[in-house]
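This briefing covers selected residues, the nonpolar cores and helix packing. Please consult the sequence and structure shown here alongside the points that follow.

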Amino acid sequence: MTKKLLIFSLILSVTLAFSQQQKNYTFSLEEAVTFALDSNYTSINARRDVAKAIKQKWETTAQGLPQIDGSVSYNNNLKQPVSLIPAEFGGGEPGTFVPITFGTKQNANAVATLNQLIFDGSYLVGLKAAKAFLRYSENANEKTRLEVRKGVINAYGSVLLAQELVDIFDKNKANLEQNLFETRKIYENGLGEEESVEQLEITLLDIETQLNNARRSQAIAKQMFNLALGIDVEAPITLTDDLDQLASQNISLSLLDSSIKIEDNVDYKIAFNLTEQRYFENRLESSKFLPRLSAFVNYGTSANSEDFSFFNGDQKWYQSSVLGVSLNIPIFSSGMRSSAVQRTKIALDQSKTELEQTRQQIKLDLTTAQSNYQFAIENYENSRKNLALAERIENKNQIKFTEGLSTSFDLRQAQTQLYTAQQQYFQSMLQVINEKANLETVLNIPQLRINYEEIKGQY
């Protein structure tokens with residue numbers, strides 16, 4: 001029976017492993033972006049950063065709320081301390097001492113203390129700083145999601161480009177092999193030159209090299225895409241969108257005239273959050289000049305015994321309670337607090353300068369992104385026209401070569417020109433897709449903020 005169970009377990013494990021290996025993912029571009037926003041490794045940790053900020057905010061808030069601590073202690077005096085008292089207290093000879101022990105051999109204590117902060121300037125500043133840090137974490141998460149979206153779009157397009165290149169190189173290779181076969185037969189029949197065969201062989205070798213490289217690039221592109229999604233890099237994937245279709249869909253001339261409200265840009269919001277943090281750091285150091293007032297009340301009970309009888313019903317316990325107020329007043333620090341205030345003020349000025357630099361950088365980024373996007377659209381249109389021209393030129397030279405009206409060198413030049421035009425055309429389509437994603441990232445399109453109440457519920 002044991003052997004049968006073992007065999008069954010092994011078969012089940014192998015079956016499960018095989019089924020997991022065979023899991024295939026199918027994505028359109030939109031589906032891939034949605035999937036990655038939830039599963040990308042960086043996106044997951046960005047959400048955790050927000051969760052940490054939420055917990056830190058409450059951690060700071062709780063410092064000003066009542067704090068209750070309890071302690072329980074038990075002491076067993078294995079060797080009780082001995083004290084000497086004058087013997088004359090008990091009627092003995094003056095000038096001599098009598099050894100005596102005080103207290104019982106065992107004792108137990110239980111104390112509960114309630115502490116309450118009444119006033120602390122640094123606590124008030126800390127509350128505001130914790131809220132500012134939460135805003136920073138939220139904006140950093142939005143920035144991460146925008147970058148994840150852009151990365152997935154780039155990776156998706158790269159996979160499609162690699163597939164297109166493999167397909168076109170395969171097609172070109174098949175055509176070249178047919179040309180080479182026919183040309184070799186003509187040469188063997190004495191109707192052609194050996195150079196014509198050699199020229200086609202050179203071209204075929206180049207195409208085979210490029211095809212092999214395209215296949216390797218395709219494998220790498222798929223792994224990069226899987227990594228961007230947050231799945232196993234070896235998992236098989238199927239993409240349902242077409243590169244040419246995506247390029248056409250990503251041409252939006254209205255984006256070229258889009259303006260931006262700087263304050264809505266996520267990079268500006270992050271820079272502003274950092275300025276807020278420097279401001280609160282300065283306020284925190286300034287608040288250390290203020291006094292700190294707190295209060296406490298405790299309640300305790302203790303018992304003493306020669307034996308361990310603390311759980312007996314007749315054991316006597318003695319209660320005690322203390323109420324206290326503590327006021328801590330900073331008086332002199334040899335200039336330490338003053339230097340800290342000045343240091344944080346300098347850091348605040350630096351952050352304001354960086355905020356203005358960010359404002360100007362965003363304007364430049366928008367201009368650059370729109371320029372690059374416009375160039376990508378123009379380059380795409382030109383590449384499509386160039387490809388059509390290159391196809392016609394190659395076709396004419398193919399006919400001339402077959403009829404003996406042009407040399408193999410002319411045909412090779414036309415073929416090389418065609419292959420270059422093909423690659424440039426596919427590259428231009430990817431460029432349109434990527435540059436549109438870059439421009440949308442600068443414009444914060446789409447808004448990718450998340451529900452932070454949901455994050456609170458998850459952690």
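Does Ser39 count as buried or exposed? The structure is a predicted model. Ser39 has a relative accessibility of 18%, which lies under the 20% cut-off, and therefore counts as buried.

**Individual residues**

- Ser39 belongs to helix α2, which comprises residues 29–39.
- With neighbours within four places in sequence set aside, the contacts of Ser39 are Ile44, Leu229 and Gly230.
- Gln423 lies in helix α9, formed by residues 408–442.
- The relative accessible area of Gln423 is 27%, so this residue is classed as partly exposed, the range between 20% and 50%.
- Gln423 is in contact with Leu165, Phe169 and Gln210, when residues up to four places away in sequence are not counted.
- Between Gln423 and Thr96 there are 111 Å in space, C-alpha to C-alpha, and the two are 327 residues apart in sequence.

**Nonpolar cores**

- In soluble globular proteins, nonpolar side chains tend to be buried together.
- The largest nonpolar core holds 68 residues, and those touching the most other members are Phe27, Val152, Tyr156, Phe225, Leu229, Leu239 and Phe426.
- Helix α4, spanning residues 121–188, contributes the most to this core, namely 16 residues.
- Apart from residues up to four places away in sequence, Phe27 touches Ala32, Phe35, Tyr156, Phe225, Leu229, Thr238, Leu239 and Thr240.

**Packing of α4 with α7**

- Helix α7 covers residues 266–287, and its axis is 9 Å from that of α4, at an angle of about 165 degrees.
- Because angles over 145 degrees count as roughly antiparallel, α4 is roughly antiparallel to α7.
- The crossing of α4 with α7 is left-handed.
- Twelve nonpolar, six polar and eight charged residues make up the contact of α4 with α7.

**Packing of α2 with α4**

- The axes of α2 and α4 cross at roughly 140 degrees and come within 9 Å.
- The crossing of α2 with α4 is right-handed.
- On the α2 side, the contact involves Leu29, Ala32, Val33, Ala36 and Leu37, while α4 supplies Arg145, Val148, Arg149, Val152, Ile153 and Tyr156.
- Nine of the residues in the contact of α2 with α4 are nonpolar, two are charged and none is polar.

Definitions and conventions
Residues numbered from 1 in each chain as written. Predicted model: local features only at pLDDT ≥ 70, side-chain atom pairs only at ≥ 80, totals over all residues. Heavy atoms only, no water. Helix = DSSP H or I, 4+ residues; strand = E, 2+ residues; numbered from the N terminus. Buried < 20%, exposed > 50% of the residue type's maximum accessible area, 1.4 Å probe, protein only. Contact = heavy atoms within 4.5 Å. Core = buried A, V, L, I, M, F, W, Y, C linked by side-chain atoms within 4.5 Å. Axes fitted to C-alpha atoms, helices over the stretch in contact; angles between N-to-C directions. Parallel < 35°, antiparallel > 145°, perpendicular 65-115°, else oblique. Left-handed = near helix turned anticlockwise from the far one by under 90°. Nonpolar A, V, L, I, M, F, W, Y, C, P; charged D, E, K, R; others polar.
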